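Please read the following report alongside the sequence and the coordinates. It takes up selected local features and then the arrangement of strands and helices.

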Amino acid sequence: MAASQAEVRVAIATDDDVVAARQAGRQLAESLGLATTDLTLVATAISEVARNITAYAGTGEIVVRPVDGRGRRGVQVIASDEGPGIEDIDRALQDGFTTGGGLGLGLPGARRLMDEFAINSRPGAGTTVTMTKWGPQ
Amino acid sequence: MPVPILKQGSVLIASIQRALTDTDVVLLQETLIEQVGRYRSRGIVVDVAAIDVMDSFVARSLRAIAQMTRLRGAEMVLVGIQPEVAFAMVQLGTSLEDVLTALDLEEGLALLESLGGEAERRGGLAG
């Protein structure tokens, strides 16, 4: 159904929004024909980046949208905030590195769960994480 | 929505019914640690069969509950991790290595029972 494959924007401020964002991502990924295991990977990755927003920036937004490429459809997740930004992106992508008292798995973990992953961040200028999971050919 | 906790003999059973918010997790942690003392429970089974996402925050919280339970003289067993959740946890890099796990509620209760028997035997030898 075309209606279920539209872009969905979820404002992130509370932990309920984290749950709403990952449900939106799971539903979109399902409507695009991604495998059951991949739905869980997408939902888990969204949960990690959404928790980063509530933990470091306070508020932000998650957009999930369908994308096309090389004959496949996929789900793209864009998590953005206007928080403090990331001082050292390379370190933030290392397992176990955290400035927030967590396990330090959020960003490197989300990167492993998705097919494509990019971060755009500057100290004081917020953070945008863009990540994609592709469906079958 | 708080997680329902059932008392069955010397064991507390917490069945997580839906996606946990941070508030639910903290409440579950506090309630379980308090009830272990009040009911003098020997074990806790946390059933996550209904959970479709176990992110690093929830995993860390469950690990903390397991450690606190042990400090209170009881054991926690995590049961019901679904196949795709297990797959995602491994990809994510979540470590629950110091947390006891079992396939389902029945196996979890059996595991706690076997641990209880072992503790009694050890107590018997020491005495």
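## A loop residue with positive phi

R40(B) has its place in the loop between helix 1 and strand 3 of chain B. In this predicted model, the phi angle of R40(B) is near 50°, a positive value in a residue other than glycine. R40(B) is exposed, its relative accessible area being 70%, and a residue is counted as exposed when that value is over 50%.

## A buried loop residue

V48(B) lies in another part of chain B, in the loop between strand 3 and helix 2 (56-71). V48(B) is buried, with a relative accessible area of 2%, where the cut-off for buried is under 20%. Leaving aside residues up to four places away in sequence, V48(B) touches I16(B), M54(B), L62(B), L78(B), V79(B), G80(B) and I81(B). The C-alpha atoms of V48(B) and D104(B) are separated by 9.2 Å, although the two residues are 56 residues apart along the chain.

## Strand 2 of chain B and its partners

Strand 2 of chain B (residues 11-15) has 4 of its 5 residues buried, so this strand is largely enclosed by the rest of the structure. Strand 1 (residues 5-8) of chain B pairs with strand 2 in the antiparallel sense over 4 bridges, and Q8(B) stands opposite V11(B) of strand 2. The hairpin formed by strand 1 and strand 2 of chain B has 2 residues between the strands, and within this hairpin G9(B) takes a positive phi near 60°.

Strand 2 of chain B is also joined to strand 3 (residues 43-47) of chain B, by 5 bridges, and these two strands run parallel. In this pairing L12(B) stands opposite I44(B) of strand 3. Strand 2, helix 1 (residues 22-38) and strand 3 of chain B together make a right-handed β-α-β unit.

## The sheet of chain A

Chain A holds an open sheet of 5 strands in the order 1-2-3-5-4, with antiparallel pairing. Strand 1 (8-12) and strand 4 (116-121) of chain A stand at the edges, each with a single partner strand, so one side of each has no neighbour in the sheet. From one strand to the next, the twist averages 15°.

Between strand 1 and strand 2 (residues 60-69) of chain A, the antiparallel pairing extends over 5 bridges, and A11(A) stands opposite E61(A) of strand 2. Helix 1 (residues 15-31) of chain A packs on the sheet, where it touches strand 1, strand 2 and strand 3 (72-81), and its direction makes about 165° with that of strand 1 of chain A. Helix 2 of chain A packs on the sheet as well, touching strand 1, strand 2, strand 3 and strand 5 (127-134), and its direction makes about 175° with that of strand 5 of chain A.

## Two packed helices in chain A

Two packed helices are described by the angle between their axes and the distance between the axes. For helix 2 (residues 36-57) and helix 4 (residues 106-113) of chain A, the axes come within 9 Å and cross at roughly 155°. That angle makes helix 2 of chain A roughly antiparallel to helix 4 of chain A, since angles over 145 degrees are counted in this way. Helix 2 of chain A passes helix 4 of chain A in a left-handed crossing. On the side of helix 2 of chain A, the contact is made by L41(A), T44(A), A45(A), E48(A), V49(A) and N52(A), and on the side of helix 4 of chain A by G106(A), L107(A), A110(A) and L113(A).

Notes: Residues numbered from 1 in each chain as written. Chains lettered and ligands numbered in written order. Predicted model: local features only at pLDDT ≥ 70, side-chain atom pairs only at ≥ 80, totals over all residues. Heavy atoms only, no water. Buried < 20%, exposed > 50% of the residue type's maximum accessible area, 1.4 Å probe, protein only. Pairing = 2+ DSSP bridges. Right-handed = clockwise from strand over helix to strand, strands pointing away. Axes fitted to C-alpha atoms, helices over the stretch in contact; angles between N-to-C directions. Parallel < 35°, antiparallel > 145°, perpendicular 65-115°, else oblique. Left-handed = near helix turned anticlockwise from the far one by under 90°. Contact = heavy atoms within 4.5 Å.
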